[in-house]
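Please read the points below alongside the structure.

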Amino acid sequence: MNTSEFCQVVNTTRDTLRFYDQKKILVSKRTANNYRFYSKDDIQNFQVIRNLQNAGFLLSDIKMVLLLKNKPVTQDCHEETLKVIKQKNVEFQKQIDFYKSLQDITQQMIEVMTDSDNSDLEKLIDKLGDVKGNM
């Protein structure tokens, strides 16, 4: 598919695609007349890029992850990528714990606001400030 079609499918802009191409993160194929051409694999890679960006990965880290998929993996690449992924895994767990704590407190707030005279609501609201997160 051409650039316009790809942009519509993945909901992005030409500038984003050019940027990814310049950074060699999502390099499109070229047609005989040098137009960019995108495949279904490119759609999948774009989704990986977006998800990892949303998760806080740096573009350099995303590039390493995609290299694992698309190129023969050197030992150095393997070790560096493993290190980054382990670090992100720890960060994700902290975020899960943070949101789980918030979810528990807000559920208690719902119950208090639904079933009682709201006397415990102030304590629960204060607990929202006690939750520690790595945001």
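1. A residue is called buried if its relative accessible area is under 20%, exposed if that area is over 50%, and partly exposed in between. The model under discussion is a predicted one. With a relative accessible area of 49%, Tyr99 is therefore partly exposed.

2. Tyr99 forms an aromatic pair with Phe98. The arrangement is edge-to-face, with 5.2 Å from centre to centre and 75° between the planes. Phe98 has a relative accessible area of 15%, so this residue counts as buried.

3. Across the whole structure, a search finds six aromatic pairs. One of them joins Phe6 and Tyr38: the ring centres lie 4.3 Å apart and the planes meet at 20°, so the pair is stacked. The partners come from distant parts of the chain, 32 residues apart. Phe6 belongs to helix 1 (residues 3-10), while Tyr38 lies in the loop between strand 2 (36-37) and helix 3 (40-54).

4. Are Phe6 and Tyr38 buried or exposed? Phe6 has 0% relative accessibility and therefore counts as buried. Tyr38, at 1% relative accessibility, counts as buried.

5. Phe6 and Tyr38 also belong to one aromatic cluster, together with Phe19, Tyr20 and Phe46.

6. A contact of another kind involves a charge and a ring. The charged end of Lys88 is placed over the ring of Phe57, at 5.4 Å from the ring centre.

Notes. Residues numbered from 1 in each chain as written. Predicted model: local features only at pLDDT ≥ 70, side-chain atom pairs only at ≥ 80, totals over all residues. Heavy atoms only, no water. Phe/Tyr/Trp six-rings, centres within 6.5 Å; stacked < 30°, edge-to-face > 60°. Helix = DSSP H or I, 4+ residues; strand = E, 2+ residues; numbered from the N terminus. Buried < 20%, exposed > 50% of the residue type's maximum accessible area, 1.4 Å probe, protein only. Lys NZ or Arg CZ within 6 Å of the ring centre and 35° of its normal.
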